[in-house]
Amino acid sequence: MPPVFALVDCNNFYVSCEQVFNPGLIGKPVVVLSNNDGCIIARSNEAKSIGIQMGIPLFKIRDIIKAHEVQVYSSNYALYGDMSQRVIEILSEFTHDVEIYSIDEAFLDLSGFKKRNLTDYGYSIRSKIRKWTGIPVSIGIAETKTLAKIANRIAKRSEKTDGVLDLTGSSYQDRALAITAVEDVWGVGQSYSGFLKSNGINNALQLRNAPDSLIKKEMGIVGLRILQELRGISCYPLEQYPPPQKEITVSRSFKHPIEDIADISEAIAAYASKGAEKLRKARLEANILVVFLMTNPYKRQARYFNMKTMRFPFSISDTSELIKYAHTGLNEIYKKGYLYKKAGVIFRDLSSDNHTQMTLFDYKKGEQAKEVMQAFDRINKRFGSDSVRYAATGSTRNQKWKTVFQKRSPSYTTNWDQLPEVL
């Protein structure tokens with residue numbers, strides 16, 4: 001018996017989160033911006049209908065924003081992350097077999113529910129998420145993840161489906177594939193679509209029926225798996241336990257170029273601190289730290305890029321130690337006279353915090369540092385991020401390196417001081 005997968009996708013997720021707490025935005029063109037309020041990363045359907053493209057810089061569409069009274073918001077990742085977790089918790093009530101695919105998507109294994117009407121089950125999931133969180137979702141159901149992706153895409157766009165489409169053993173499956181452009185098939189994208197179209201393969205149905213030899217020659221085993229998935233043979237099982245992280249990166253582009261090493265040092269300390277928190281949350285430690293610094297590669301001004309890789313004597317997640325190493329690396333690669341646009345840190349060669357190999361003399365110090373970090377994290381979790389922080393990250397308000405969020409909404413669900421008010 002073939003498995004059954006459902007893909008649950010939150011519609012226009014970032015915008016939907018904003019609309020939950022500001023219902024006045026419903027029915028209006030709304031966009032959400034990337035870090036430093038640079039580019040469009042989410043759009044309401046109304047914003048899409050007036051021609052606002054994903055990824056376009058805000059400054060290029062100022063006239064459209066003004067003419068159509070588009071509501072503009074800075075990204076609010078604390079809010080989006082919390083709302084995502086709430087959706088996942090609801091999904092877990094319908095099945096224990098859940099794979100978190102992204103912040104706004106999750107695969108479910110519904111193989112144990114074949115005796116039920118899966119369309120009705122999908123409506124039950126959709127209704128509960130909407131009632132409990134306010135987030136609208138679309139659900140695609142099929143025998144493979146790739147077919148579930150296609151079903152979800154159609155469910156999101158077709159009013160007839162009312163947000164749920166079950167293609168499992170459906171006579172409509174060929175039609176669904178025929179109306180799906182080949183570049184929209186999961187795993188194809190722009191990288192292979194040119195080759196496929198040059199061979200007369202323009203939609204998912206034509207791809208499903210393509211000769212294996214043709215696809216294998218250009219796309220290899222990945223292409224053959226796509227064919228199998230389109231033919232209803234599952235090649236991608238549910239991944240409930242994501243593979244261990246290979247690295248953690250914390251980097252930002254500056255709103256305006258920075259030359260002073262004092263400002264960049266604060267930024268690097270802040271990135272190292274944030275990375276250390278991520279390590280500890282994942283119960284990991286790093287053996288390698290990479291610090292990098294770069295100017296704007298798109299400007300004609302003098303360009304510079306450099307990075308420093310450092311291996312630790314033993315794996316660590318102690319913020320103070322990581323800041324110390326990060327500053328050492330920065331001092332080696334920094335050159336005066338350049339206008340720097342981006343900086344960051346990368347933690348590599350990660351290992352479990354249960355397998356740290358220390359020397360006899362470092363063990364006690366390491367245990368004391370771990371207790372300090374645990375207290376550090378508990379305080380910030382209880383009272384909010386950066387309630388306590390290292391002085392190396394700076395203390396002034398107008399720090400040049402800080403990411404700009406001029407139009408950010410309140411953290412309605414994660415900050416006691418910003419809870420929504422009922423008047």
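In helix α1, the residues F13, Y14, C17, E18, V20 and F21 meet Y77, L79, Y80, M83 and S84 of helix α4, where contact means heavy atoms within 4.5 Å. These contacts divide into nine nonpolar residues, one polar and one charged. The model is predicted, so local features need pLDDT of at least 70 and side-chain atom pairs count only at pLDDT 80 or more, while totals for chains, interfaces and linings use all residues. Residues are numbered from 1 along each chain as its sequence is written, and side-chain values use heavy atoms, with hydrogens and water left out.

Two packed helices are described by the angle between their axes and the distance between the axes. Helix α1 (residues 13–21) and helix α4 (residues 77–94) pack at about 90°, with axes 10 Å apart. That makes α1 roughly perpendicular to α4, a label for angles of 65 to 115 degrees.

Turning to the sheet, three strands form an open, mixed arrangement in the order β3-β2-β4; two strands pair if DSSP finds at least two bridges between them. Because β3 (40–43) and β4 (71–74) stand at the edges with a single partner strand each, one side of each is left without a neighbour in the sheet. Strand β2 (residues 30–33) pairs with β4 in the parallel sense over four bridges, and L33 has S74 in β4 as its bridge partner.

Finally, helix α6 (residues 145–157) is mostly covered, with ten of its 13 residues buried, that is, under 20% relative accessible area (1.4 Å probe, protein chains only). Among the buried residues are L147, I150 and I154.

How values were computed. Helix = DSSP H or I, 4+ residues; strand = E, 2+ residues; numbered from the N terminus. Axes fitted to C-alpha atoms, helices over the stretch in contact; angles between N-to-C directions. Parallel < 35°, antiparallel > 145°, perpendicular 65-115°, else oblique. Nonpolar A, V, L, I, M, F, W, Y, C, P; charged D, E, K, R; others polar. Buried < 20%, exposed > 50% of the residue type's maximum accessible area, 1.4 Å probe, protein only.
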